[in-house]
Amino acid sequence: MWATLKFALFTILLILCALLLNGIGYHFDARTASVPVAPTVLIDPGHGGEDGGAVGINGCVEKNINLEISLILRDLLQMSGIDAVMTRSEDIMLYDSAAPGKKKAQDLKNRVMMAEELNAALTVSIHMNTYPSEKCSGAQVYYSPNTEESKTLAEGIRSSFINNLQPQNQRQTKEATSAIYLLHNIKTPAVLVECGFISNREEAQLLCDSSYQHKVALAIYSSIIEHLNKEV
Ligand SMILES: [Zn+2]
């Protein structure tokens, strides 16, 4: 009698467990389960191909340093699960020789179009600065006037340069004028980082050095991550 009762209780318990699990399973709907979507960050190495950009005091060409730093930045972001896309990953200008319009105008338009088509969460354009005299040095960050978020990101990158690389840097972030086509025309959050002056001998040497390029990329990378974490 007692054995039969125990068996009955055990069976009821099993049925209750099955109903409970079934219930949980019923409420889990794979179609509504949220999967985090990686934000797209567009990295734009300035210039390329026929457009070398500035030439440094030591003979370095801006387009090459821009690309080297951008490739390191892309790898760092991709390793963090961010969808990092490049406007160019080789030494080219972005134009179609059959299309009307000057090469440079097409090139700049295509960079803006890429950001819009990707609906990039952020666009970071990488450049090197020059000045007629050797005295200027240090990074400077410009931001697009079209979104408030661009300024926040620019401030973050500026702080990261000061904290990690250039504690003496007094350069403030600047809102881009129409002279910076990309930032003036882009509708998604965007900044342009002038990583340093290749007209300054000491800084030009540093910017050509692979380990310093990694430090610059890391400074930008850490501020992008911090920014994306804040925005989520
Ligand atoms: Zn440039």
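This is a predicted model: local features need pLDDT of at least 70, side-chain atom pairs count only at pLDDT 80 or more; totals for chains, interfaces and linings use all residues.

Q: Fine. How many helices and strands are in the chain?
A: The chain has seven helices and six strands. Along the sequence they follow the pattern α-β-α-β-α-β-β-α-β-α-β-α-α.

Q: What share of the residues is buried?
A: Buried residues are 37% of the 232 in the chain.

Q: And the contacts with a separation of 6 or more, how many of them link residues 24 or more positions apart?
A: Such pairs account for 76% of those contacts.

Q: On to the sheet. In what order do the strands sit?
A: The order is 2-1-3-6-4-5. The sheet is open, and its pairing is mixed.

Q: Which strands stand at the edges?
A: Strand 2 and strand 5 (174-175) do. Each has a single partner strand, so one side of each has no neighbour in the sheet.

Q: What holds paired strands together in general?
A: Backbone hydrogen bonds do, and the strands can be parallel or antiparallel.

Q: Take strand 1. Is it mostly covered or mostly open?
A: Mostly covered. Strand 1 spans residues 40-45, and five of its six residues are buried.

Q: How many bridges join strand 1 to strand 2?
A: Four bridges, and the two strands run parallel. Strand 2 covers residues 83-86. I43 stands opposite M86 there.

Q: How does the chain get from strand 1 to strand 2?
A: It passes through helix 2, residues 62-79. This β-α-β crossover is right-handed.

Q: What about strand 1 and strand 3?
A: They run parallel too, joined by five bridges. Strand 3 is residues 122-129. I43 has a bridge partner in strand 3 as well, namely V124.

Q: Keep going. How does strand 3 pair with strand 6?
A: In the parallel sense, over six bridges. Strand 6 is residues 190-197. H127 stands opposite E194 in strand 6.

Q: Now helices. Where does helix 2 lie?
A: Helix 2 lies across strand 1, strand 2, strand 3 and strand 6. Helix 2 runs at about 145 degrees to strand 3.

Q: And helix 3?
A: Helix 3 (residues 103-118) lies across strand 1, strand 2, strand 3 and strand 6. Its angle to strand 1 is about 170 degrees.

Q: What span should helix 4 have?
A: Helix 4 has 17 residues, 148-164. At 1.5 Å a residue, these should span 24 Å. The end C-alpha atoms are 25 Å apart, which agrees.

Q: Which residues of helix 4 are buried?
A: They are S150, L153, A154, G156, I157, R158, S160 and F161.

Q: What covers them?
A: The cover includes strand 3, strand 4 (140-143), strand 6 and helix 7 (210-231).

Q: Let's talk core. Which residues of the largest nonpolar core touch the most other members?
A: V41, V124, Y142, L183, V191, V193 and I220. That core has 48 residues.

Q: What is V41 in contact with?
A: Beyond its neighbours within four places in sequence, V41 contacts L77, I82, A84, A120, A121, L122, V124 and I224.

Q: Back to M86. Where is it, and what does it touch?
A: M86 is in strand 2. Leaving out residues up to four places away in sequence, M86 touches I43, P45, S70 and R74. M86 counts as partly exposed because it has 16 C-beta neighbours inside 10 Å.

Q: Where are H47 and N119?
A: H47 is in the loop between strand 1 and helix 2. N119 is in the loop between helix 3 and strand 3.

Q: Is H47 buried or exposed? And N119?
A: H47 is buried, with 23 other C-beta atoms within 10 Å. N119 is exposed, with 11 C-beta neighbours inside 10 Å.

Q: Last one: what does Q166 touch?
A: Q166 touches G138, A139 and F161, not counting residues up to four places away in sequence. Q166 is in the loop between helix 4 and strand 5. Q166 and G138 are 28 residues apart in sequence, and their C-alpha atoms are 7.1 Å apart in space.

Methods. Residues are numbered from 1 along each chain as its sequence is written. A nonpolar core is a set of buried Ala, Val, Leu, Ile, Met, Phe, Trp, Tyr and Cys residues joined through C-beta atoms within 7 Å. A residue is buried if 20 or more other C-beta atoms lie within 10 Å of its own, exposed if 12 or fewer, and partly exposed in between; C-beta atoms are placed from the backbone. Two residues are in contact if their C-beta atoms, placed from the backbone, lie within 7 Å. Two strands pair if DSSP finds at least two bridges between them. A crossover is right-handed if, with the strands pointing away from the viewer, the path from the first strand over the helix to the second runs clockwise. Axes are lines fitted to C-alpha atoms, for helices over the stretch in contact, and angles run from 0 to 180 degrees between N-to-C directions. The expected span of a helix is 1.5 Å times one less than its number of residues.
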